[in-house]
Amino acid sequence: MASDKNDGNGDDEIWLYDPSKAAAILFAILYGITTLFHIIQMFLMRKWYCWALIMGGIWETVGYALRILSVENPHSDGYYSPMLTLIILAPAWIAAFDYMTLGRLINTFLPSKSALGLPARRITLIFVLFDIFSFVVQGSGSGFLSSSSGNSFQIGSYILISGLALQVAAFAFFTITAIRFDIKYKREFGLDGRERYVALLYCLYVSCLCILIRSLFRIAEFAEHYPGTLSKHEVYFYVLEAVPMLPTLVIFNFWHPGTVLVGEGSSFREEKRNNTVAAADDADI
């Protein structure tokens, strides 16, 4: 990885260090490969809600592709600003996918189709709305960061930290809900049949843990007096941002929801259609 600059950003270059083009190429390729597989898997398994995970992968891939271009054009903000925005916001798409998957797990494997006293569909809705709000807040903050300086930049940092804090809070609620789902299943059925979903559940835990690590890194980075240690050394970006986010996509290539979420309850849309048909039949009677 390229050496860091000792003089900060003394000239008109955007970068606070000498960024590594090779590292950016590597991660653009890795994110591109796993995203391509997810697109294929979505069509093969017909799990259309996986588009959220694919969007996260696309944003990561394009973000690192723009990073390559920004490294080649260190005096231009035209590549740097959208790169920053895409990489900062991509995890929100992946988090939304995690939330939707948990809702479908609850709907598929629990006869009550609920956890924490809430229906699975409502749990999914709550999480996704929370994620959208976090997405909007983070997007507003990244807009300030990529186009402002001085006091405006500091305001952007505070806004972005708020959005990331909301995401961390959602992960805490998510973890409690996922644990409650597992406990409730074992209480009703013991360990019988648990092997059908446990690998996917653990993947959700790993995914959210990785996003949590990355979110805490970003909170620490933007909480520092700019430019701080985390923002002036590229190694922190790759170790705490690029590397943790990659497993959030790759693990679902190997343990895809389409192999677990099958049959009745695995699709809210299909369930709604069946309920509508049943209601129509009752009306005919």
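Begin by selecting E241, which is buried, with a relative accessible area of 0%. The model on screen is a predicted one. E241 lies in helix α8, which spans residues 234-245.

The side chains of R214 and E241 are joined by a polar contact of 3.1 Å.

Apart from its neighbours within four places in sequence, Y64 is in contact with A24, F27, A28, Y31, I87, F237, Y238, E241 and A242.

Which residues have the most contacts inside the largest nonpolar core? They are Y64 and L105, and this core has 73 residues. The elements that give two or more residues to the core include α1 (21-45), α2 (51-72), α3 (77-109) and α4 (120-147). Also among them are α5 (151-189), α6 (198-223), α8 and α9 (247-254). Colour α3 separately: this helix gives the most to the core, with 18 residues.

Finally, turn to the cysteines. How many disulfides does the structure hold? The number is zero. Select C208, which is in no disulfide; the nearest cysteine sulfur, that of C210, is 9.4 Å away. C208 is buried, with a relative accessible area of 5%. End at C203, which is buried with a relative accessible area of 5%.

Terms used:
Residues numbered from 1 in each chain as written. Predicted model: local features only at pLDDT ≥ 70, side-chain atom pairs only at ≥ 80, totals over all residues. Heavy atoms only, no water. Helix = DSSP H or I, 4+ residues; strand = E, 2+ residues; numbered from the N terminus. Buried < 20%, exposed > 50% of the residue type's maximum accessible area, 1.4 Å probe, protein only. Polar contact = N/O pair within 3.5 Å; in protein donor to acceptor, adjacent residues only side chain to side chain. Core = buried A, V, L, I, M, F, W, Y, C linked by side-chain atoms within 4.5 Å. Contact = heavy atoms within 4.5 Å. Disulfide = S-S within 2.5 Å.
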